[in-house]
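Please find below a short note to be read alongside the sequence and the coordinates. The points begin with the contact between the chains and then turn to the aromatic rings.

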Amino acid sequence: MKRLIPYILYLYLIAMYRILLADALAIGPVQIYLTPLIVMLVALNKDYIISLWFGIAAGLIFDCIDPSHMGVQMIILSAMGIVTSRVKERFNLESQKSLVLLLATGLLIFTIPHTLIYTTSGFSEFGRIFIRVVIPGIIYSTSIGWLYFMIKTSRISFHKIKELF
Amino acid sequence: MDWQSSWLKEKQTLVHTIIAFLLAFILLLAGNNVAGFVGNVTNTVFYYPFNQLKSSLSIFSSKSKTIDDLNTKLAELTVHLQLYNEIVEENKRLRALLGFIPPESFRIVPTEIIGVSGTGIPNTILINLGASDSVRVNQTVINQSGLAGRIAQVMDDYSVVYLLSEPRCRVSARVSNSREQGIIRYKMSRGMYLDNCPQQGEVTVGDTVITSGLGGIFPEGIVIGTIEKIDSPEKEFFHDITIKPVVNFNGLDELYVLVWER
């Protein structure tokens, strides 16, 4: 049970982001894709089974606001989790560039079905939304992921920032 | 059993994947009832605290804005009150200088209308203040525009008000500019008019008519209306002046009783 606490906190972070922070952190219509980002970051740090179940749980959190699509995000996010986990096992992802590229690719794959499912204005609007909202959103989210890797590898730290001033 | 558990251990990843996707597919294909129930439970566990926090923050933010607005209004009204107090003091000094007896002071008590009667236009209303609220017969009733009427009958908790549209309610009035005096009356057939105003007096259309304070019922200076039409028939001593009241008797909402503090 104790092992589950960090994952439950991640799930609460997703819920908190969606309710309280999404609009505050948005740049115009561009939002951070925090849920897939967290799923991928968990998959990069944990094993296959944890990635799978965390994807399912995150999908449940994502879907429950709109129960008419219940299950869709569970499938998409758990698939993202296990694919990321497999890619991590098969490829050498030591460099930050490769990790950032993996995040960007994962987010791109996530956003295509997500945008198609949740865009109510139809397929004709897809291209416009994809260029104006989704691509900037992927860049924004990947930047957050990159920041996370920088902090994790201590390339950015409180002391270094303090020294700057 | 051993071979089964060892097989499960070997194929653990596969088993987990199958169970997880099966669960997702069940939820995807299940009806709205199941999806709704699962969604509700998840919402309650994960989103409810943040939703509550968000609504509290939103209420706090709107209240904070209201407080800011009220503070601004308070500052504005404080300045107005100071100016008003200065005017009152100046008025007292001038009255003392002229040898006038200062009028009795009164307080304004807000009241609610609980009943209206009248044909065509309301002329009598019932308000929720009575003798227990220090309301007495003949006290003045106003609204934000001007004079509305007077208290005609008082019960413990209710009072009957004769509006100016009630023929029995007459007011001693004067024209604000020329100080010409007369009596405000109301007739169903011709509306409100200023009676007993001699033709020698200078009155013009658009002049404001106020209470003169001479009748001993209404305090001086309360706006009644404006002169709408003046007829000066030959062989008549008085003008025939039609008054347009400032108070809309059909749209009365907030009323105040001037309760005299004796």
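1. The contact, taken as heavy atoms within 4.5 Å, draws on 26 residues from chain B and 28 residues from chain A. This is a predicted model, in which local features need pLDDT of at least 70 and side-chain atom pairs count only at pLDDT 80 or more, whereas totals for chains, interfaces and linings use all residues. Residues are numbered from 1 along each chain as its sequence is written, chains are lettered from A and ligands numbered from 1 in the order in which they are written, and side-chain values use heavy atoms, with hydrogens and water left out.

2. The area buried between chain B and chain A (the accessible area, with a 1.4 Å probe, that two parts lose on being put together, summed over both) is about 2400 Å², and carbon and sulfur atoms give 81% of it. On the chain B side, the residues that lose the most area to chain A are B:F46, B:Y47 and B:F50, which together account for 28% of what that side buries.

3. Between the two chains there are zero salt bridges, a salt bridge being a side-chain nitrogen of Lys or Arg within 4 Å of a carboxyl oxygen of Asp or Glu. Six residue pairs, both residues at pLDDT 80 or more, are in polar contact between chain B and chain A; such a contact is a pair of N or O atoms within 3.5 Å, where within protein one must be able to donate a hydrogen and the other to accept it, and residues adjacent in sequence count only if both atoms are side-chain atoms.

4. The elements giving two or more residues to the side of chain B that touches chain A are α2 (12–29) and α3 (32–98) of chain B, helices being DSSP runs (H or I, at least four residues) numbered from the N terminus. The most comes from α3(B), with 14 residues.

5. Over all chains there are nine aromatic pairs, counted where rings of Phe, Tyr and Trp (its six-membered ring) have centres within 6.5 Å, with planes under 30 degrees apart called stacked, over 60 edge-to-face and the rest tilted. The rings of A:Y7 and A:F54 have centres 6.1 Å apart and planes at 55°, so this pair is tilted. A:Y7 lies in helix α1 (residues 5–25) of chain A and A:F54 in helix α3 (residues 48–63) of chain A, so the pair ties together parts 47 residues apart in sequence.

6. A:F54 is buried, with a relative accessible area of 4% (buried means under 20%, exposed over 50%, partly exposed in between, with a 1.4 Å probe and protein chains only). The rings of A:Y10 and A:F54 have their planes at 90°, so that pair is edge-to-face, and ring pairs link A:Y7, A:Y10 and A:F54 into a cluster.
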